[in-house]
Amino acid sequence: MNAQSIQYADRFNGLSGSAIREIFKLLARPGMISFAGGNPSMSALPDEEVSEVAQKVLKEDGKRILQYGATEGYPPFLEVMRDYLQRHFGVDMTKNGVLPTTGSTQGMNLLCSALINPGDRIIVEDPTFLGNMQCMRLYQAELVPVRSDEDGMNMEDLEEQIQRTHPKMIYTIPTFQNPTGRTMSLEKRKKVAALAEQYGVVVAEDDPYHDLRYFGRELPTIKSFDQAGLVVFLGSFSKVISPGLRVGFLAADEGLLRKCVIAKQSSDLHTALLNQAICAEYISSGRLEPHIAAICQSYKSQLETMLRGIEDIDAFTWVTRPEGGLFIFAALQEGMDALKLLPRAVDAGVAYVPGTHFYAGGGHENTLRLNFSMATEDKIKEGLRLLKTAL
Ligand SMILES: Cc1ncc(COP(=O)(O)O)c(C=O)c1O
């Protein structure tokens with residue numbers, strides 16, 4: 001017997017690693033201009049401030065921070081987060097609790113662990129974030145895609161799919177969606193909360209881009225309309241402070257939260273206390289708001305530069321025009337295949353993510369996702385010139 005004969009769990013049937021993570025390996029080539037990832041810009045990472053904050057929290061509470069802690073969270077983090085969720089995201093904290101998670105990636109994992117049996121159905125936007133589809137597939141969920149309009153999920157299609165498939169969960173990224181950059185309208189946000197209550201379905205509202213708004217008015221979260229305790233709010237500090245800290249949070253009804261705590265106990269025991277302490281202090285010392293304002297200013301110019309540059313490329317037939325976030329989504333002329341064209345683009349020195357990976361049922365080969373936060377404006381212009389030639 002050797003490793004070739006290992007019998008792997010059924011949950012891996014038909015699953016390969018994330019296609020995006022494979023593309024990342026290509027990016028190591030020197031000089032490559034990446035429109036592929038979803039990383040914050042290097043200049044948006046507040047390393048000096050985080051260093052100051054880390055020293056302060058260690059000086060003040062080092063012994064507790066360096067010890068094991070409760071799965072439920074580091075108390076100063078919870079205190080800051082209760083206020084922040086109520087004030088900033090409109091979550092009624094008299095009816096909900098909050099759990100720190102190791103990135104919002106873990107939040108989705110805990111939620112699936114709490115809710116999903118093999119064969120359960122989860123409604124997803126079509127297209128949607130690949131990473132979380134991967135998580136749902138590991139829990140052997142059946143994904144039910146719902147059509148996406150300019151202003152979020154199509155509500156007729158959503159209700160029809162709820163009635164037809166009796167899903168356990170609806171997964172949505174209402175603000176500056178990954179991969180499209182689209183934002184769900186106010187009316188649709190209210191409707192999603194109402195449908196959840198009418199049909200008794202849990203809604204996972206994944207909102208990591210909420211604060212990266214460059215145009216238009218902020219919209220209330222779906223969670224703020226949740227009367228029935230069926231909406232779970234997943235947030236993250238990855239896009240606004242640092243993805244390397246791996247701090248996210250999950251706000252939900254206490255009963256559901258308890259199941260997530262139990263799942264987390266055997267996942268990682270708790271999210272790193274130092275990182276929870278850093279995020280708590282970063283917020284309570286008033287650093288977060290000016291930092292977000294500063295990064296939004298440069299992301300806005302980067303988005304505008306990318307949208308202007310795209311107009312120059314005849315191969316594109318449409319492109320989304322987001323009011324925030326980190327991505328635009330675009331379509332090439334019918335018959336062009338973004339997956340097949342990727343090696344040619346990479347040879348030319350520019351990378352993107354083929355859109356087909358974000359559709360639950362594949363297809364849509366002519367689409368692609370472009371990130372504008374990682375390249376400077378000059379690099380965006382140059383990357384688009386290279387892309388134009390490659391296409
Ligand atoms: C929609 C969405 N949800 C969740 C995540 C994961 O975030 P985190 O770093 O908090 O795990 C991402 C990251 O790209 C994302 O785009």
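**Figure 1. Cysteines without a disulfide.** This predicted model has zero disulfides, a disulfide being a pair of cysteine sulfur atoms within 2.5 Å. What keeps Cys135 from bonding with its closest cysteine sulfur? The sulfur of Cys135 sits 4.0 Å from that of Cys112, which is too far for a bond. For Cys260 the closest cysteine sulfur is again in Cys112, but at 9.8 Å, so a bond is ruled out there as well. Cys135 is buried at 8% relative accessible area, and Cys260 is buried too, at 0%. (Buried means under 20% relative accessible area, exposed over 50%, and partly exposed in between, with a 1.4 Å probe and protein chains only.)

A word on ground rules: residues are numbered from 1 along each chain as its sequence is written, and side-chain values use heavy atoms, with hydrogens and water left out. As this is a predicted model, local features need pLDDT of at least 70 and side-chain atom pairs count only at pLDDT 80 or more, while totals for chains, interfaces and linings use all residues.

**Figure 2. The shell around the ligand.** There are 13 residues around the ligand, and Thr105, Asp206, Tyr209, Ser236 and Ser238 come nearest; a residue is near a molecule or strand if one of its heavy atoms lies within 4 Å of it. By type, the shell splits into four nonpolar, six polar and three charged residues. (Ala, Val, Leu, Ile, Met, Phe, Trp, Tyr, Cys and Pro count as nonpolar, Asp, Glu, Lys and Arg as charged, and the others, Gly among them, as polar.) Which helix gives the largest share of the shell? Helix H4, residues 103-115, with three residues. Helices (H or I, at least four residues) and strands (E, at least two) are DSSP runs, numbered from the N terminus.

Figure 3. A polar side-chain atom of Thr105 is 2.6 Å from a ligand oxygen atom. For Ser236, a side-chain N or O atom is likewise 2.6 Å from an oxygen atom of the ligand. Taken alone the ligand exposes 400 Å², and the protein buries 92% of that. (Accessible areas come from the Shrake-Rupley method with a 1.4 Å probe; for residues, only the protein chains shown count as cover.)

**Figure 4. The eight-stranded sheet.** This open sheet runs in the order E2-E9-E8-E7-E6-E3-E4-E5, with mixed pairing. At the edges are strand E2 (96-101) and strand E5 (152-153), each pairing on one side only. Two strands pair if DSSP finds at least two bridges between them. Strand E8 (residues 231-236) and strand E9 (residues 248-253) are antiparallel partners over four bridges. Look for Phe233, whose bridge partner in E9 is Ala251.

**Figure 5. The four-stranded sheet.** Here the strands form an open sheet ordered E10-E11-E14-E13, with antiparallel pairing. Strand E10 (316-319) and strand E13 (353-354) are the edge strands, each with pairing on one side only. Inside the sheet order, strand E11 (residues 327-332) and strand E14 (residues 367-371) pair in the antiparallel sense over five bridges. Ala330 faces Leu368 in E14.

Figure 6. Asp126 and Pro127 are joined by a cis peptide bond with omega about 5 degrees. Pro127 sits in the loop between strand E3 (121-126) and helix H5 (130-138). The bond from Asn178 to Pro179 is cis as well, with omega near 20 degrees. Pro179 belongs to the loop between strand E6 (169-172) and helix H7 (186-199).

**Figure 7. Positive phi in residues other than glycine.** Gln140 has a positive phi of about 60 degrees and lies in the loop between H5 and strand E4 (142-149). Gln140 is partly exposed, at 31% relative accessibility. For His166, phi is positive too, near 45 degrees. His166 is in the loop between helix H6 (155-165) and E6. Is His166 buried or exposed? His166 is exposed, at 61% relative accessible area.

Figure 8. Arg213 sits in the loop between strand E7 (202-206) and E8 and is buried, with a relative accessible area of 16%. What does the side chain of Arg213 reach at 3.2 Å? The backbone oxygen of Arg217. The side chain of Arg213 also makes a polar contact with the side chain of Glu323, at 2.8 Å. (A polar contact is a pair of N or O atoms within 3.5 Å; within protein, one must be able to donate a hydrogen and the other to accept it, and residues adjacent in sequence count only if both atoms are side-chain atoms.)

Terms used
Nonpolar A, V, L, I, M, F, W, Y, C, P; charged D, E, K, R; others polar.
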